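Hi,

Here is the structure I promised to pass on. Have a look at it first, and then read my notes below.

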Amino acid sequence: FVVIFNYLIYFCSGIAVLKSIFEEEITFEYNKLIQDAEKYGYEKDNLDYFDLKIKQENITKYLNLIKEAKKTVTIPVIASINCVSAYEWTYFTKKIVVAGADAIELNIFILPKNISKSGAEIENTYIEILQRVRKEVNVPLIVKMTSYFSNLSEMIQKISKTGVNGIVMFNRFFNPDIDINTLQINASNVFSSDTDYMLPLRWIAMSSGKTNCSLAASTGVHSGETLIKFILAGADAVEVVSAIYKHGAGVIKEMNKKLSSYVSEAGKNDLSGIKGLASQKNVKNPAIFERVQFMKYFSDYEDLT
């Protein structure tokens with residue numbers, strides 16, 4: 001069962017994840033106001049009060065979104081924060097809980113572009129963010145993480161030991177593209193394709209039963225069949241976004257119908273009967289999930305043709 005509310009979108013037995021409030025969004029608006037004010041001769045030192053004012057306006061808008069969602073639906077509502085640092089934004093989380101959020105999802109991604117920072121420093125920032133937020137609130141805490149780590153398995157384990165209740169694999173990013181005629185930089189495909197699920201599928205299957213928290217799958221879920229694959233791999237929940245934008249909310253009903261039929265035909269009473277059946281720890285050849293080269297397939301190319 002899925003409820004859609006204002007750009008959400010989360011599929012997990014009746015849970016709604018709201019659109020994110022961005023750490024950068026507040027910083028950008030504040031800096032822009034400062035720049036505009038300085039054009040008219042105002043001194044920056046005299047504009048400190050704007051900082052609190054603008055932050056409060058942004059927070060108020062988001063808190064109102066949470067309150068409206070709680071009035072509109074009867075299922076749990078999860079607030080989402082898109083963040084890149086462990087600084088002052090963490091106090092937002094208490095206000096979000098007071099507004100009625102049943103849980104918080106932290107959508108974290110630090111692009112590893114700074115050559116002066118080591119991989120360990122970037123990883124520590126993720127952990128610091130989670131630890132700070134965990135100290136602020138007692139509601140369930142979920143982290144939507146990236147696959148951009150030198151040792152992803154280790155990072156998944158580290159994150160699962162911070163006290164989070166769930167990990168979502170993986171967040172989907174804005175990617176630039178180039179128009180070869182105009183040389184303009186544009187957004188690449190905004191929506192996922194129905195083959196994008198393969199990366200998170202591998203890591204859900206490899207991580208199932210090995211973490212201290214629940215696992216949710218995200219990206220490329222366009223059909224009931226893909227939904228089933230993630231449950232078989234060991235996912236506790238599955239996020240759906242692009243399919244809803246492309247085909248409308250009715251696609252969720254079709255996915256649930258497919259899933260229900262599959263569980264019934266398998267002779268199981270509920271999802272627990274199929275969850276993890278195809279995870280790495282349960283398949284006959286667990287090494288298949290660690291296979292990354294195509295040699296086995298293309299060595300027989302002539303025979304295939």
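Which side chain does the side chain of His222 join in a polar contact? The partner is Ser192, at 2.9 Å (a polar contact being a pair of N or O atoms within 3.5 Å; within protein, one must be able to donate a hydrogen and the other to accept it, and residues adjacent in sequence count only if both atoms are side-chain atoms).

Before the rest, some bookkeeping. This is a predicted model, where local features need pLDDT of at least 70 and side-chain atom pairs count only at pLDDT 80 or more, while totals for chains, interfaces and linings use all residues. Residues are numbered from 1 along each chain as its sequence is written, and side-chain values use heavy atoms, with hydrogens and water left out.

Back to His222: you'll find it in the loop between strand E8 (214-217) and helix H7 (224-233). Helices (H or I, at least four residues) and strands (E, at least two) are DSSP runs, numbered from the N terminus. His222 counts as buried because its relative accessibility is 15%; buried means under 20% relative accessible area, exposed over 50%, and partly exposed in between (1.4 Å probe, protein chains only). Leaving out residues up to four places away in sequence, His222 touches Ser193, Asp194 and Lys246, among others, with contact meaning heavy atoms within 4.5 Å.

The loop between E8 and H7 also holds Thr219. Its phi is near 95 degrees, a positive value in a residue other than glycine, and Thr219 is buried at 16% relative accessibility. Leu183, in the loop between E6 and strand E7 (185-187), has a positive phi too, near 65 degrees, but Leu183 is exposed, with a relative accessible area of 65%.

One for your omega checks: the peptide bond from Met169 to Phe170 is cis, with omega near -5 degrees. Phe170 sits in the loop between strand E5 (166-169) and strand E6 (176-178).

As for the cysteines, the structure has zero disulfides (pairs of cysteine sulfur atoms within 2.5 Å). Cys83 is buried at 0% relative accessible area, and Cys213 counts as buried at 13%.

On the whole chain: it has eleven helices and nine strands, and 44% of its 305 residues count as buried. Of the contacts with a separation of 6 or more, 67% are between residues 24 or more positions apart.

Cheers
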